[in-house]
Amino acid sequence: AAGLAHLQGHVQENLGMAMIFTLITEAKEWLRTQVAISTQESPEQERKRLEAEEEARRQDARRHGTPFTVERFQAWRKNFEKEAAAAKERDQAERAARDPERALRVTGKAFFLSNMQKDTSYVGGEERGLSDDEEDY
């Protein structure tokens, strides 16, 4: 309706001349200005749009989490091993406090590992030079 009123004013100005090109040009220009006016955001609308975009970015980051990289894994692993060692030491200290005699005993795993370090004669399935035939007897 506003566009039609705008064109009516130009029709009255150009009465008696070839005006189709002039009217089309004026209609296009009027439409461009109306679209430009309608697409301009007020500062309040722009602030709301930016907040919505920021929230969408945060939601996307929450959904996908932190990217997994070798460096991050190494940092996590180092921290995890440090925490696990501290927990193991606390556990051993608690056990030693509860039963001091038991704390001094060697576990089977510790015994096995200490023997493996001392005795290297077990290599490749043969023990102390015995052949396959002599192993079972």
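Is Phe68 buried or exposed, and what is its relative accessible area? Phe68 is exposed, at 69%; exposed here means over 50% relative accessible area, buried under 20% and partly exposed in between, with a 1.4 Å probe and protein chains only.

This is a predicted model, where local features need pLDDT of at least 70, side-chain atom pairs count only at pLDDT 80 or more, and totals for chains, interfaces and linings use all residues. Residues are numbered from 1 along each chain as its sequence is written, and side-chain values use heavy atoms, with hydrogens and water left out.

**View 1. The whole protein, as 7 helices and 2 strands.** Helices (H or I, at least four residues) and strands (E, at least two) are DSSP runs, numbered from the N terminus. Of the 137 residues, 4% count as buried.

**View 2. Phe68 and Phe73, a tilted aromatic pair.** Their rings sit 6.1 Å apart centre to centre, with 50° between the planes. Rings of Phe, Tyr and Trp (its six-membered ring) pair if their centres lie within 6.5 Å; planes under 30 degrees apart are stacked, over 60 edge-to-face and the rest tilted. Phe73 is partly exposed at 30% relative accessibility.

**View 3. Trp76 and Phe80, a stacked aromatic pair.** Here it's 5.1 Å centre to centre and 15° between the planes. Both residues belong to helix α4 (residues 70-98), and because they are 4 residues apart, about one helical turn separates them. Trp76 is partly exposed at 49%, and Phe80 is partly exposed at 43%.

**View 4. The ring cluster.** Ring pairs link Phe68, Phe73, Trp76 and Phe80. The structure holds 3 aromatic pairs.
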